[in-house]
Amino acid sequence: MQLGKRNDGIKIKPTLSVILAFCLPPLLAALFALYWMNRRPPKHRKPSPALAVLENQQIADLDYGMDELMATRQHLRDSGIDTDAINLRIWAECAASPEILVRVDSPDRNERLSWLFSDDSRYVLAVSAETDNLKRKLVALYDFSSERWLWKQRLEWPEDYGGLIVWTNNHCFVEYTQNGRDFCIEIDEQGKPADIRQIAKRTVIPDNNAVAEPSRQYPGDVVTVQGGIVYTTDVGGAVTGYSESALPGFFYAGTGDAFTVFSGNGMFKYNLERGHIRVYDSLTQDLLLDHRAWDGADSTEVLSTLATYTGDQFSAILRSTFDGDSVSRTWAVKLNPVTGKMQRSTEASVSETPDRSISRQITAYQRWKLALQSGNKLEISDTDGSAVARTVLPVGEGEVEGMKLLEDGHHIVFRRGKDFWMLDFATALRYADWKANLRNGRRMIPVDLVAKLELQERQFRASFSYSITAAEAARLTNGVMLAELKRTCKEKRAPAYLELRTQILVANRAWQLASALMLDAETLQDGDNRSSKINLLLQGRVAALAGRHRLAAAAMRNLYASLQPPRNYYYSYYYYGNRREETVDQMLKFHMEQLFRCHVDR
């Protein structure tokens, strides 16, 4: 019996040890986790006050400023809620809160400064009003593209100066008058005077220090209005550039009449003027084609007009009267802008009622209802009838008669008498996304990209079966940009960041600075394939609106070259791979050639 009891005890002890070995560690871990959670409770984000309002579908009535709306949008995005409605509310808020496009901190808060902007709006020269003991002034040059001060120096500086021009190597030229004679001073990239020469006469350049009257109120003291940007100074001496445009994506589309039509993609505008069919660029208002359809006699009237989606065909229904209005005939004309050929037909099947298909209410993207109200007020509501945004169209005096949604679904044309405006509703929907991405985006590329580009260059040169010169390698791999990257630097601006800035500037019609940033983005994108290539057609149109006609023509020339099949096999394989030659869109070619013709000799 004793031996049996000992055997039972021996069987029980291993069972308890096994249970403790498997259960005790998880139990201790659970107790430690509970202790740690009670010791440091998780931080919960405070609920946004707009969430309750959003549940009641009253987004348009939010009494928030721009910063509060952006914070609310970020909270909704983090919560997985659709942000399209709040995006439209943010877009409408731009009419009440001027959009900040650029900002420059003072190089010295203790100095009272005057500001001189370059003709392309990319650079600004800050000059102190007082001199030091050596009769020198603080002079500093700022680059809006790289968002940094290029140099700050104490220099002997004239009192009567103006006309800032900066070259690509950051050498700047300033004209001034002293003792009745005109001079030009050249300052190198380090801020040191390189040359002073006498000139016959100072170049006629608008006075950037002359304060223009802005169209609305802006914070601070207005310094100047240039290139669609209103520059103001605050108490601390910083310069802030506000958008002169009230609504992003809203622009003037020229003049016309009841029979003026736009292509379905919003690129072209067609006018009938005394027997002439005139084709315009809807953004730049350049006359692309002038075709005489009939003699322009008063006995012929227009009944209806129509343009296709791409604009490759324009049709008009006409009616001519003869023998003292006793005989009338209805006929039609069809024009192909690409070939310039026109067809006349007596079989007109279109109704004789003029096409006046504008209305006070439309629906965009099958969801958003836009309604025009008295006082040129525009209200945007969801499909369920809840208002999400309200704004006033910046069209001046007079009531807008109506609006029309184009075939592409996002371009909206507004008409008041002979004047037309166009709104890119896609810009209105995505503008807040651009702003948020710009705030959270990466402005600079780290230094290791230089090593990657060097390795890419070596691998590319090694892929050739024959010897290649350094000049050919520089041409094929954009070695000039790589050499500049090695010389400057430790960091390089990110092309995607510049692309976002450019989109915002174009939406706000800041054409001059947008054109300058597009040039930089194009150069940076040649060595960084992580972002899409620059839109050369848009670059040319923006350059034309900025008054840089040669740059517009050069963009059209580069676009034409990019559409041609490559001549060199290795160049073709490196840039295009095995992609076959694609058919060039005829309307794109027509648009490109006519824009080149309009600006090449200006």
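**Salt bridges and cysteines in the predicted model**

Asp234 and Arg103 are joined by a salt bridge, with 3.5 Å between the closest N and O atoms. Because Asp234 sits in the loop between β11 (229-233) and β12 (239-243) while Arg103 belongs to strand β1 (residues 100-104), this pair ties together parts that are 131 residues apart in sequence.

We can now turn to another part of the chain. Asp82 pairs with Arg367 in a salt bridge whose closest N and O atoms are 3.0 Å apart. Here, too, the partners come from separate loops: Asp82 from the one between α3 (66-78) and α4 (84-93), and Arg367 from the one between β22 (361-364) and β23 (368-373), so the bridge ties together parts that are 285 residues apart in sequence. Asp82 is partly exposed at 42% relative accessibility, and Arg367 is partly exposed with a relative accessible area of 25%.

This pair does not stand alone. Asp82 and Arg367 belong to a network of salt bridges that also links Arg73, Asp84, Asp382, Arg430 and Asp433. In total, the structure holds 26 salt bridges. As background, side chains of opposite charge can pair when their charged atoms come close.

How many disulfides does the structure hold? The number is 0. In general, a disulfide is a covalent bond between the sulfur atoms of two cysteines. For Cys172, the closest cysteine sulfur is that of Cys184, and the separation of 9.3 Å is too far for a bond; the cut-off for a disulfide is a sulfur pair within 2.5 Å. Cys172 is buried, with a relative accessible area of 0%. Cys94 is also classed as buried, at 1% relative accessibility.

How values were computed
Residues numbered from 1 in each chain as written. Predicted model: local features only at pLDDT ≥ 70, side-chain atom pairs only at ≥ 80, totals over all residues. Heavy atoms only, no water. Salt bridge = Lys/Arg side-chain N within 4 Å of Asp/Glu carboxyl O. Helix = DSSP H or I, 4+ residues; strand = E, 2+ residues; numbered from the N terminus. Buried < 20%, exposed > 50% of the residue type's maximum accessible area, 1.4 Å probe, protein only.
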